[in-house]
Amino acid sequence: QVQLVESGGGLVQPGGSLRLSCAASGSIFRFNAMGWYRQAPGKQRELVARITSGGTTTYAGSVKGRFTISRDNAKNTVDLQMNSLKPEDTAVYYCFMSAQGMSVLWGQGTQVTVSS
């Protein structure tokens, strides 16, 4: 029923920027938290950023100061502005959403590649 659709990934040079978006489609009244995990080949999945409907944010130490997460409660969407990208940011980024009375939902993933 409810699906998360991700967009905005791509290839950028070190120091460049990308903006990821995640939108919930289907019937939902309210989300509790949304954000992104990422996973690079051969490495563990790690939390990149998350935001609650109340606006509380959490960032991985490796991205703090470079990435900014924002949300639109009415539309159940989140954006991740990624600046000063580094090669170590290369990964598949997976959007997630938790909502009242629902299991955690996951997006399809979007590839971010930072390379010269």
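Start by selecting R38, which sits in strand β4 (residues 31–39); strands here are DSSP E runs of at least two residues, and helices are H or I runs of at least four, numbered from the N terminus. Before you click further: this is a predicted model, where local features need pLDDT of at least 70 and side-chain atom pairs count only at pLDDT 80 or more, while totals for chains, interfaces and linings use all residues. Residues are numbered from 1 along each chain as its sequence is written, and side-chain values use heavy atoms, with hydrogens and water left out.

**Stop 1: around R38**

Is R38 buried or exposed? R38 counts as buried because its relative accessibility is 4%, and the cut-offs are under 20% relative accessible area for buried, over 50% for exposed and partly exposed in between (1.4 Å probe, protein chains only). Now show side chains for S62 and Y93. The R38 side chain makes a polar contact of 3.4 Å with the side chain of S62, and another of 2.8 Å with that of Y93. A polar contact here is a pair of N or O atoms within 3.5 Å; within protein, one must be able to donate a hydrogen and the other to accept it, and residues adjacent in sequence count only if both atoms are side-chain atoms. Not counting residues up to four places away in sequence, R38 also touches others, including Q44, E46, F67, E88 and D89 (contact means heavy atoms within 4.5 Å).

**Stop 2: the core**

Zoom in on M82: leaving aside neighbours within four places in sequence, M82 is in contact with G16, S17, L18, L20, R66, F67, Y93 and V112.

**Stop 3: the four-stranded sheet**

Switch to cartoon. Four strands form an open antiparallel sheet in the order β1-β3-β8-β7, where two strands pair if DSSP finds at least two bridges between them. β1 (3–7) and β7 each have a single partner strand, so one side of each lacks a neighbour in the sheet.

Walk across the sheet:

- β1 and β3 pair over 5 bridges; V5 stands opposite A23.
- β3 and β8 are joined by 6 bridges; look for S21 opposite D79.
- β7 and β8 pair over 6 bridges, with M82 as the bridge partner of F67.

β7 and β8 form a hairpin with 4 residues between them, and N76 in the turn has a positive phi of about 55°.

**Stop 4: the ring cluster**

Finish with Y37, F96 and W106, which ring pairs link into a cluster. Rings of Phe, Tyr and Trp (its six-membered ring) pair if their centres lie within 6.5 Å; planes under 30 degrees apart count as stacked, over 60 as edge-to-face and the rest as tilted. The structure holds 3 aromatic pairs. Y37 and F96 have ring centres 5.3 Å apart and planes at 55°, so this pair is tilted. Y37 lies in β4 and F96 in β9, 59 residues apart. F96 and W106 form another tilted pair, 5.9 Å centre to centre with 50° between the planes. F96 is buried at 8% relative accessible area, whereas W106 is partly exposed at 38%.
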